Amino acid sequence: MKDKIIAFLKNEISEDPNEEIDPRDDLLNSGIVNSMDMIQLVLFIEKEFQLVVSPGDMTVENFTSVESIIDFISKKHLE
């Protein structure tokens, strides 16, 4: 899961595909992901991990880092 998310961020979001992304990096404050990128990221997560991200799920806590995204996906799969 981690590798898929990081690969997506590097290949589809980041301006530099060689940029190192640590799972704990703050994606929003570091500038890796902006508001337009967030839409792409949410669509990727929905498709890749077969879940629905509701408007209430779109919080900073759920999308701050790759680790927080993994936690969010894991919780959604338990619902």
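Which helices do the buried residues of α4 pack against? They pack against α1, α2 (35-49) and α3. This is a predicted model, and the mean pLDDT of the chain is 94, with 100% of its residues reaching 70 or more.

**Confidence**
- Helix α1 (residues 2-13) has the highest confidence, at a mean of 96.
- Confidence is lowest in helix α3 (residues 60-63), where the mean is 94.

**Helix α4**
- Helix α4 covers residues 66-78, and its 13 residues should span 18 Å at 1.5 Å a residue; the end C-alpha atoms lie 19 Å apart, which agrees.
- Its buried residues are Val66, Ser68, Ile69, Ile70, Phe72, Ile73 and Lys76.

**How α1 meets α2**
- The two axes come within 11 Å and cross at roughly 140°, so α1 and α2 are oblique to each other.
- The crossing of α1 past α2 is right-handed.
- On the α1 side, the contact is made by Lys4, Ile5, Phe8, Leu9, Glu12 and Ile13.
- On the α2 side, Asp37, Gln40, Leu41, Phe44, Glu48 and Phe49 take part.

**Leu28 in the loop**
- Leu28 sits in the loop between α1 and α2, and Leu28 is partly exposed, with a relative accessible area of 29%.
- Not counting residues up to four places away in sequence, Leu28 touches Val33, Met38, Val60, Phe63 and Thr64.
- Leu28 and Ser65 are 37 residues apart in sequence, yet their C-alpha atoms are 8.0 Å apart in space.

Notes. Residues are numbered from 1 along each chain as its sequence is written. This is a predicted model: local features need pLDDT of at least 70, side-chain atom pairs count only at pLDDT 80 or more; totals for chains, interfaces and linings use all residues. Side-chain values use heavy atoms; hydrogens and water are left out. pLDDT is the predictor's confidence in each residue, from 0 to 100. Helices (H or I, at least four residues) and strands (E, at least two) are DSSP runs, numbered from the N terminus. The expected span of a helix is 1.5 Å times one less than its number of residues. Buried means under 20% relative accessible area, exposed over 50%, partly exposed in between (1.4 Å probe, protein chains only). Contact means heavy atoms within 4.5 Å. Axes are lines fitted to C-alpha atoms, for helices over the stretch in contact, and angles run from 0 to 180 degrees between N-to-C directions. Angles under 35 degrees count as roughly parallel, over 145 as roughly antiparallel, 65 to 115 as roughly perpendicular and the rest as oblique. A crossing is left-handed if the near helix is turned anticlockwise from the far one by less than a right angle, and right-handed if clockwise.
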